[in-house]
Amino acid sequence: MKPRLPWFSIGALALLLVLALAGPWFSPFDYYTPEWDQPDLPVGASWAHPLGTDALGRDLFVRLMWSCRISLLVALVASLISLVIGVSWGVAAGYFGGRTDAVMMRLVDILYSVPFTPFVIVLTVLFGRHLLLLFVAIGAVSWLDIARIVRGQTMALRHREFVVAAEIAGAAPWRIMSTHIVPNLMGIVIAYLTLTIPTVVLTEAFLSYLGLGAQSPLTSLGVMLADGAAQMRSRPVMLVLPAVLLVMLVYCCNRIGDALRDRHVA
Amino acid sequence: MGRRVMPPRIAMPVRIVAVALLALWFAACGNEQRPSGALPASAIAERIASGHLRRHVSSSPATLDPALIQDVMGMAVGSDLFEGLLRQGPAGQLLPGMAERWEVSADGMTWRFHLREQARWSNGDAVTAENFVFAWRRVVDPATASPIAQQMAPVAGALDIAAGRQPPESLGVRAVDARTLEVRLESPTPYFLSLLINTFMMPVHPPTVQREGRAWTQPGKMVGNGPFLLRAREINGRIDLARNPDYWDAPAVRLQAVTWFPLTDSAASTARFLAGDLDETERFQVEDLEWLRASLGDQVRTAPYNGTVMLGMNVRRAPFDNAALRRAMVLAVDRTLLTDQLLKRLYTPAHGIVPPLPGYDPLRPQWADLDDEARRELARSLYAQAGYSSARPLEVELAVPIGSPEMRRVFEALAAMWRMNLGAEVRVITEEFRVHQQNRRIGKLQFFWNGWIGDYPEATTFLALALKSNPQNYMGFDDPEYERVMAEAVRETDEAARNLLYNQAERLLDEQAPFLPIYFYQSRHLLRSYVQGWRDNANDLHPSRDLYLALAPEP
């Protein structure tokens, strides 16, 4: 019996995506221009500002949706980078085995032991602040898990009849990997991808919270959380809203990823 | 199929009741969230009986060696452990410390200090004039590598010694006898006495420093002459001080013990204050001001602080090698909007880099009194004059250290002002603090954070930042006229004439605009009502010596 798909999570995630992508279009405000002709800031909820404004007088709804966009964008791009590196690395190690495998996997072990935060700080010092760098930094670190899983799966596939048959038929390793092994890995890879996305969302939030991620006036969930944490007592909604969004995003992705993995492994 | 552990089945009614109880409990907690701010009377009585003051410091001092202290945290703790020729009284006034009296020569170049007979080190030795000579030479000696050797500049020969051109023995300080210290100055320095309360002017005990080397500031090894002794210190943690019975004015010291708790996060220090773990905190978040005032009343203290929030522009590099553009950037900032609407009316807008000081009124440039639209119009015309327009907007990065959410908000507001008032695109980039300091020093930055806290209540501590010879002149500002006016001001002994020269220097800075002043600092403390003897002062220095615990202040 296959487990049921988590329709609630899928629906919630879809709703969030639609809101994040389309929401800002319906508002006359952008995420960076403050409205300063107000008698008092921040402005409370009104028809013009459905959630009010932040302490600088910028529309809170638009900023929240933009922060979801940026967090998701970082998550997608970084996950894809980690996917490409992880799958190629894992397949190569698993397919060739022996000494190649040992060297490649020891390298993975070494990279696992590099502390992440100092690594990112060093990167930002060397290359300056850029959103692109954030993608690369996170992607370059989070491929390790995928590489390990893919390697294990490849080793299992390596001695299956169809691979052996292809080898006997004289197919080049490159061709065997690309036409016989990788397509058979896709299920588990996609399942892990959906599990990588929430991890990356959290990592991005953590970096932005520290001020190492998205740079102002651009925002992300981490930036919104950092800003909200400062006003926790005077205006808790500034912390609660981005927190709820982050929890929803991460929960839904995890739930979907779990279900996909279970279906696949079962 | 993964294994799943099913939760134990609980009957529906039980679940509903449990959830309702939980919700009630949360609601009850929610009500407690608004603290009255008051501690129970028994807790207060206990605190007062202990005679132990628990203070907060915004981060652990990097060192407790008077020759090396360069941060306000070290200054706060150091002032409890050591005492200079003069000391700072509770209201910021200068009082006799190790010196009981002093006189100055007619030309204002030579000072003589007479040390008091009862001045003792904590091991019983007498504090002698030789100790001061040793300590001051040590500060300027390149072998000590003191980061603040430059501050000794008013003492004859200090800069040459710090630069390695002269031996430390050539410093203009001499022990006439054991209790008389003679100091020769480079030029008559009107603020010389206010320099003397700084930690780098405090004496050290030569035998201890020579015997222990760098380890001499450790608990058990340190020998001090201040009102308190170092009892224990945790790395990056609490610093415990106990009353020094050998202090010359020991009867006047009321506290039995003081503990300094370093806490970087001001939300955490506020929480610990509310929980009764701290009697005093340095700094709280501006966002919290309103509800803190509502719940704590006059236990919230804010006061003008001798410092300016400002930015610097590198005048040696494009695009800020253009004075019209620099001025446009200065004028385009809506300061009142920032301080009143966005920062809860805590700060006062700054139109120049020198805050109002006792005996000195800073220059108020003409543009400060223009109405908002006229000022913005002037800024736009300067921007156009510098060759920028909507077709060719200024694009520049503003580098700031990673700071509090409050500072982040200020920078975002500034960027929005430049965009809305000029059409300039300013990207704010945050850097780790040490990286930022480094980048600023090597002149890599065009546009950067340049906040400054004055070392003494006198205009030169700010104006000297624009002198060519100052290593902290990160703007690369170099103006012969400015150098001339400042040199003249240093020589001028008449206060009114000197203030005119300072105003003239300020006018030059306003025209050349290497700085972008934003607002003046305010000190902000939470202080329990049973802590007495506290007086707000512009140095924001509150030595524990003058504080005591009691229900009401004593006359």
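Which are the buried residues of helix 3 of chain B? Let's start there, and then walk through the rest together. Please keep in mind that everything I show today comes from a predicted model.

Here is the list: G74(B), M75(B), A76(B), V77(B), G78(B), S79(B), D80(B) and L81(B). The helix itself spans residues 72-81 of chain B, and with 8 of its 10 residues buried, it is mostly covered. And what does the covering? If you look around the helix, the cover includes four strands of chain B: strand 1 (52-57), strand 8 (228-233), strand 9 (239-243) and strand 10 (257-262).

Let's stay with chain B and turn to a sheet. Four strands of this chain, in the order 4-5-7-6, make up an open sheet with antiparallel pairing. At the edges you'll find strand 4 (99-104) and strand 6 (173-177) of chain B; each has a single partner strand, so one side of each has no neighbour in the sheet. On average, neighbouring strands here are turned by 20° against each other, ignoring direction.

Let's zoom in on one pair. Strand 4 of chain B is joined by 5 bridges to strand 5 of chain B, residues 110-115, and the two run antiparallel.

How confident is the predictor in chain B? The average pLDDT is 90, and 93% of the residues score at least 70. Over residues 1-8 of chain B the pLDDT stays under 50, and the model has 3 contacts for them beyond four places in sequence. Residues 30-35 of chain B are also below 50, again with 3 contacts beyond near neighbours in sequence.

Now over to chain A, where the picture is helical: 9 helices and 0 strands. Its C-alpha atoms fill a box of roughly 80 × 45 × 30 Å along the principal axes. Of the 266 residues in chain A, 40% are buried. Among contacts in chain A with a separation of 6 or more, 70% come from residues 24 or more positions apart.

Let me pick out one helix pair. Helix 2 (residues 60-96) and helix 3 (residues 98-112) of chain A pack at about 145°, their axes 7 Å apart. On the helix 2 side of chain A, the residues in this contact are W89(A), A92(A), A93(A), G94(A) and F96(A). They meet G98(A), T100(A), D101(A), M104(A) and M105(A) in helix 3 of chain A. By type, the residues of this contact divide into 6 nonpolar, 3 polar and 1 charged.

Finally, how do the chains come together? The contact takes 22 residues from chain A and 25 from chain B. On the chain A side, helix 4 (116-127) and helix 8 (221-230) each supply at least two residues. Helix 8 of chain A gives the most to that side, with 3 residues. The chain A side divides into 12 nonpolar, 6 polar and 4 charged residues. For the complex, the predictor gives an ipTM of 0.73 and a pTM of 0.77.

Thanks, everyone!

Methods: Residues are numbered from 1 along each chain as its sequence is written. Chains are lettered from A and ligands numbered from 1 in the order in which they are written. This is a predicted model: local features need pLDDT of at least 70, side-chain atom pairs count only at pLDDT 80 or more; totals for chains, interfaces and linings use all residues. A residue is buried if 20 or more other C-beta atoms lie within 10 Å of its own, exposed if 12 or fewer, and partly exposed in between; C-beta atoms are placed from the backbone. Two residues are in contact if their C-beta atoms, placed from the backbone, lie within 7 Å. pLDDT is the predictor's confidence in each residue, from 0 to 100. Ala, Val, Leu, Ile, Met, Phe, Trp, Tyr, Cys and Pro count as nonpolar, Asp, Glu, Lys and Arg as charged, and the others, Gly among them, as polar. Two strands pair if DSSP finds at least two bridges between them. Axes are lines fitted to C-alpha atoms, for helices over the stretch in contact, and angles run from 0 to 180 degrees between N-to-C directions.
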